[in-house]
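User: Please take a close look at the surroundings of the ligand in this model. Walk me through them in one go.

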Amino acid sequence: MTIEIQIFHLPDFFALLNLISIYRQFVNIKSTNMSIYLDNAATTQLDREVFEAMTPYLLQNFGNPSSHHVHGRVVKNAIENARETIADLLNASPNEIVFTSGGTEADNTAILSSVRSHQIKHVITTPFEHHAVLHTLEALKNNGEIKLSFINIDSRGNLDINHLDNLLKNNTRSLVSVMHANNEIGNLNNIELIGEVCKSRGALFHSDTVQTMGHYRHDLSTLNAHFIAASAHKFHGPKGIGFIYCRDGIQLSQLLHGGSQERKQRAGTENIHGIIGLAKALEIAYRDIDGHRAYVQKLKNRMITKLQEQIGDVQFNGNSAIADKSLYTVLSASLPVNHASGDLLTYLDQNDISVSGGSACSTGSASHVLQAIGADTFRNTIRFSFSKFNTAEEIDYTVEKLSALYKAIAA
Ligand code: PLP
């Protein structure tokens with residue numbers, strides 16, 4: 001009888017070790033336990049202070065604000081205090097703040113109110129609005145209720161304000177809906193100027209401020225907007241709560257019919273803990289706004305520099321890399337596509353780094369925002385979005401991971 005003993009050939013053994021090390025480097029086995037969240041434009045982590053403000057309204061103060069007994073009165077007062085807090089921070093009056101389920105409902109309410117209560121038959125918008133605006137407008141257009149016009153933009157996504165003025169000249173009874181900042185590329189639009197143009201032409205103006213509320217100061221006493229939309233989960237508040245600001249004298253048309261909550265402007269039992277959380281989150285945001293902005297802008301700058309140094313061939317979409325023309329919380333970067341790089345989002349996810357895409361490569365259908373500015377959708381687009389909970393170490397680690405992948409591909 002012969003016994004065969006297989007002895008590992010030494011060069012094969014080293015090749016195997018090498019393969020394992022490459023595998024460890026690229027697939028979900030990390031030398032650190034870092035879990036990195038860089039998708040803060042999608043949603044943000046709830047602030048602990050906000051959570052603590054909310055819990056009494058989940059556990060003890062559970063009454064229905066429409067009830068006439070003490071349980072109802074306690075929460076009714078809390079809602080009105082929250083409304084006052086928000087109005088004070090924004091230089092608005094409390095009756096101009098109506099709570100909604102979030103940004104989508106606020107956008108829908110602004111647009112539908114303009115059409116149903118203010119006889120608007122023409123809406124002017126941009127091709128890069130959030131779908132909460134675009135899909136609502138497209139539905140109205142397909143229904144024959146409005147004519148829809150788009151403001152011309154350049155390849156960075158800058159709006160042609162003269163074109164807006166010309167569109168308004170011929171259609172004075174219009175609604176203009178322009179977002180304050182774009183959620184994919186971060187471009188900031190000059191809503192003060194747009195408000196002035198609308199005022200001079202007698203048009204209604206709605207701005208989706210979902211990405212800037214809590215990150216920039218809004219003074220609604222000077223902004224010529226009739227409506228703005230906000231959502232708490234974008235500034236460390238809870239999900240499922242937001243508000244529409246509707247300027248005094250402008251009528252809202254109810255999307256939901258039922259009870260007489262929110263002064264008959266939005267039916268349904270109020271999301272009390274959400275409202276408390278929303279007001280607390282905005283209070284904290286305004287309390288810390290300057291330090292927060294400086295800190296997060298530094299993280300973004302670090303990401304820009306590191307990507308340029310370590311990847312080299314990186315493009316930034318729109319005004320994303322221009323500090324005073326973009327959200328300090330968002331950076332949209334396009335990296336080269338290489339067959340071996342595959343889906344960058346999956347690669348980062350496997351390495352416990354959460355980011356968003358927005359390009360054809362990641363979702364199978366090109367982002368309407370990148371298409372609108374004519375960006376090169378054949379590259380890999382990553383949206384990094386930052387918050388006060390991120391660190392410089394996380395930025396460095398993320399770029400190292402990306403750079404290691406591109407180096408390995410090139411080798
Ligand atoms: N508008 C913009 C610009 C957004 O970024 C979002 C959310 O991603 C929305 C509207 C919708 O807000 P919500 O998730 O609260 O419905």
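Analyst: Helix α5, residues 103–117, gives the most to the shell around the ligand, with 3 residues. This is a predicted model.

The shell holds 13 residues. Among these 13, the ones that come nearest to the ligand are G103, T104, D208, S231 and K234. Sorted by class, the shell has 8 polar residues, 3 charged ones and 2 nonpolar ones.

Now the polar side chains. T104 places a polar side-chain atom 2.6 Å from an oxygen atom of the ligand. T104 is also one of the residues listed as nearest. For Q211, an N or O atom of the side chain is 2.8 Å from a ligand oxygen. H233 has a polar side-chain atom 3.0 Å from an oxygen atom of the ligand. Each of these pairs falls within the 3.5 Å cut-off for a polar contact. How much of the ligand does the protein cover? On its own, the ligand has 390 Å² of accessible area, and the protein covers 84% of that.

Last, the cysteines. A disulfide is a covalent bond between the sulfur atoms of two cysteines. The count here comes to 0 disulfides, with 2.5 Å between sulfur atoms as the cut-off. Are C198 and C246 buried or exposed? C198 has a relative accessible area of 0%, so this cysteine is buried. C246 is at 4% relative accessibility and therefore counts as buried too. The limit for buried is under 20%.

How values were computed
Residues are numbered from 1 along each chain as its sequence is written. This is a predicted model: local features need pLDDT of at least 70, side-chain atom pairs count only at pLDDT 80 or more; totals for chains, interfaces and linings use all residues. Side-chain values use heavy atoms; hydrogens and water are left out. A residue is near a molecule or strand if one of its heavy atoms lies within 4 Å of it. A polar contact is a pair of N or O atoms within 3.5 Å; within protein, one must be able to donate a hydrogen and the other to accept it, and residues adjacent in sequence count only if both atoms are side-chain atoms. Accessible areas come from the Shrake-Rupley method with a 1.4 Å probe; for residues, only the protein chains shown count as cover. Helices (H or I, at least four residues) and strands (E, at least two) are DSSP runs, numbered from the N terminus. Ala, Val, Leu, Ile, Met, Phe, Trp, Tyr, Cys and Pro count as nonpolar, Asp, Glu, Lys and Arg as charged, and the others, Gly among them, as polar. Buried means under 20% relative accessible area, exposed over 50%, partly exposed in between (1.4 Å probe, protein chains only).
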